[in-house]
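This briefing goes through one protein structure topic by topic. Please keep the sequence and the 3D view open while reading.

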Amino acid sequence: MKLIHDSWANKVVGCPMFILQHKLKRLKIDLRDWNKNFFSNVHNVVLLKQGLLLGIEQTFKTVSLSDIDGLLCQENIAKEELDHALHCQYLFWKERAKMLWFKDGDRNTDFFHVVVKRRNNSSGIHRLQIYNEVIEDPKLIQDHILDFYKNLYAKSISNVQDTSNMEDFIGTYIPKMVSSEENMMLIKCPNFLEIKNVVFNLNGNSAPGPNGFGSVFYHSCWEIIGIDVCNVIQQIFKQNWVLPGMNSNVVSLIPKIHGHESIKAYRPIVVASFKFKIISKILAYRIAPVAARIISPNQYGFVKGRQVQDCIGIAFEAINMLSKKVIGGNVSYKVDIHKSFGTRSWKFLLLVLTRYGFHPLFVGWISTILRSAMVSIRINGNLVGFFTLSKGVKQSDPLSPLLFCLVDKVFSRGISKLVNDKKILHMASPQGYLTPSHILYVDDIFFFCRTDIKSLRNLSIFLKTYGDFSGQHVNNS
């Protein structure tokens with residue numbers, strides 16, 4: 001703490017964002033030197049302390065009784081030093097293992113070591129199928145993955161239609177729903193207490209961002225760094241501007257299907273810098289009560305009080321209706337949206353927020369957060385590429401799920417309007433029982449309707465139109 005305090009006390013001239021960036025960069029160098037001099041290599045220290053203790057124990061065989069007391073004192077000191085070294089090694093492997101469910105218990109470094117080894121083996125990408133060819137060359141694997149995610153995140157959506165048609169489409173389904181009082185709450189500049197509460201509500205064991213400073217650093221050193229952090233957050237809210245490079249992120253690829261060699265079998269999780277998580281979390285806390293009121297009853301993902309088990313129950317009840325005899329029959333089917341977080345059109349998202357009646361300043365903050373983001377891809381421990389984004393929302397960002405649900409409201413209301421206009425016929429069900437036309441859980445959608453050609457054709461046209469405007473296309477595979 002003294003080293004952090006002394007490093008942080010050295011003045012830096014510039015705007016708050018530049019000051020924080022420069023201080024963190026300088027502190028990182030100081031902490032690396034301190035770690036090297038104070039802890040050294042924890043594994044080597046354990047071996048060294050074990051050797052010292054063994055040497056003292058072997059000395060007992062050769063010394064006289066008069067020297068026993070002195071050796072016993074040395075042995076106790078050596079045992080304490082070895083115990084401290086083993087504890088440091090235990091903490092090292094516990095952090096690397098990222099076992100969030102593990103609290104306290106007997107020291108079990110071997111267990112954590114096995115977990116880390118298994119994680120590294122499962123997350124490493126050593127073989128990849130490109131079309132019909134399987135490659136193992138690390139350079140070709142890196143190039144293919146980088147090209148894939150540049151096309152996913154950085155390539156503009158070419159088939160999105162012009163803004164006027166998009167506004168008309170959104171306006172058909174979304175009325176103004178945000179009140180003036182709610183807007184005043186949303187656009188307040190956060191004070192120091194609000195920022196501090198958000199910082200300490202964030203998970204202390206979450207993975208650190210690209211600069212290596214995780215939430216545990218901000219929690220432990222808040223008395224030293226708190227004022228500078230608050231100045232940065234307030235500057236971003238007041239000026240609606242972000243220093244280039246400050247919103248840097250790392251994309252980690254998590255296998256969805258083990259043993260699958262296609263790049264599409266990996267889920268991209270964005271690891272953001274902690275200081276930007278603070279901004280997202282502040283906005284998420286503010287927008288949550290507004291979103292909960294706006295979001296459709298058919299949407300179940302990321303909404304407090306709703307869960308996936310509700311979807312399962314409704315789906316089972318609806319499927320029971322399939323056996324009801326009716327002319328033409330009933331049908332239920334599930335579709336999945338292709339790369340739903342990575343393909344969301346920013347233009348569509350911002351127009352939806354504007355149509356809801358969100359204040360232009362709040363919409364501007366969302367736009368600034370989206371457009372300032374830059375990402376690198378982590379492949380087998382190496383960072384590859386560094387590019388800006390042109391679409392999509394970050395999958396692990398606190399604000400993204402709420403934005404996701406607000407935009408999906410357009411989809412949900414669109415289906416409901418087709419049903420109300422009799423363009424899609426309700427699934428036939430017993431008298432007094434009305435089956436929902438659809439349920440949504442994030443990017444999974446379950447439809448229930450009659451099997452007449454008119455209903456299916458209208459639904460197909462709507463899916464195509466919505467996909468062209470929003471970038472959210474059905475995953476045909």
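Strand S3 (residues 248-255) and strand S6 (residues 374-379) run parallel and are joined by five bridges. The model is a predicted one.

**The four-stranded sheet**

- S3 and S6 belong to an open sheet of four strands, in the order S4-S3-S6-S7, with mixed pairing.
- At the edges are strand S4 (266-272) and strand S7 (382-388), each of which pairs on one side only.
- On average, and ignoring direction, neighbouring strands of this sheet are turned by 30° against each other.
- Which residue of S6 does Val250 stand opposite? The residue facing Val250 is Ser376.
- Helix H6 (residues 138-154) lies across S3, S4, S6 and S7, and runs at about 25° to S7.

**The three-stranded sheet**

- A further open sheet is formed by three strands in the order S5-S9-S8, and its pairing is antiparallel.
- Strand S5 (330-336) and strand S8 (438-441) have a single partner strand each, so one side of each is left without a neighbour in the sheet.
- From one strand to the next, the twist averages 10°.
- S8 and strand S9 (residues 444-450) run antiparallel and are joined by four bridges.
- Within this pairing, Ile439 has Phe446 in S9 as its bridge partner.
- Helix H13 packs on the sheet and touches S5, S8 and S9; the direction of H13 makes about 155° with that of S8.
- Helix H16 (residues 400-420) also packs on the sheet, touching S8 and S9, and the direction of H16 makes about 170° with that of S8.

**A nonpolar patch on the surface**

- Val308, Ile312, Phe316 and Tyr441 form a nonpolar patch on the surface, and together they have about 360 Å² of accessible area.
- Which helix gives the largest share of the patch? Helix H13 (residues 308-319) does, with three residues.
- Val308 has its place in H13.
- The relative accessible area of Val308 is 32%.

**A buried residue, Ile294**

- Ile294 has its place in helix H12 (residues 274-294).
- Is Ile294 buried or exposed? Ile294 has a relative accessible area of 1%, and buried means under 20%, so Ile294 counts as buried.
- Apart from neighbours within four places in sequence, Ile294 is in contact with Met177, Val178, Tyr356, Leu406 and Lys409.

**Salt bridges**

- Side chains of opposite charge can pair when their charged atoms come close.
- How many salt bridges does a search of the whole structure find? The search finds 13.
- One of them joins the side chains of Asp6 and Lys2, at 2.9 Å from N to O.
- Asp6 and Lys2 are four residues apart in helix H1 (residues 2-9), which means that about one helical turn separates them.
- Asp6 is partly exposed at 37% relative accessibility, whereas Lys2 is exposed at 63%.
- Glu194 forms a salt bridge with Arg286, and their closest N and O atoms are 3.1 Å apart.
- This pair links distant parts of the chain, as Glu194 is in helix H9 (residues 192-201) and Arg286 is in helix H12, 92 residues apart.
- Glu194 is partly exposed, with a relative accessible area of 24%, whereas Arg286 is buried at 5%.
- Asp408 and Arg344 also meet through their side chains in a salt bridge, at 3.3 Å from N to O.
- Asp408 lies in H16 and Arg344 in the loop between S5 and helix H14 (346-356), so the pair ties together parts that are 64 residues apart in sequence.
- Asp408 counts as buried at 8% relative accessibility, and Arg344 is buried with a relative accessible area of 2%.

Methods: Residues numbered from 1 in each chain as written. Predicted model: local features only at pLDDT ≥ 70, side-chain atom pairs only at ≥ 80, totals over all residues. Heavy atoms only, no water. Patch = residues over 30% accessible without salt bridge, like charges linked within 9 Å, V, L, I, M, F, W, Y side chains within 5 Å. Areas by Shrake-Rupley, 256 points an atom, 1.4 Å probe, with all protein chains shown as cover. Salt bridge = Lys/Arg side-chain N within 4 Å of Asp/Glu carboxyl O. Helix = DSSP H or I, 4+ residues; strand = E, 2+ residues; numbered from the N terminus. Buried < 20%, exposed > 50% of the residue type's maximum accessible area, 1.4 Å probe, protein only. Pairing = 2+ DSSP bridges. Axes fitted to C-alpha atoms, helices over the stretch in contact; angles between N-to-C directions. Contact = heavy atoms within 4.5 Å.
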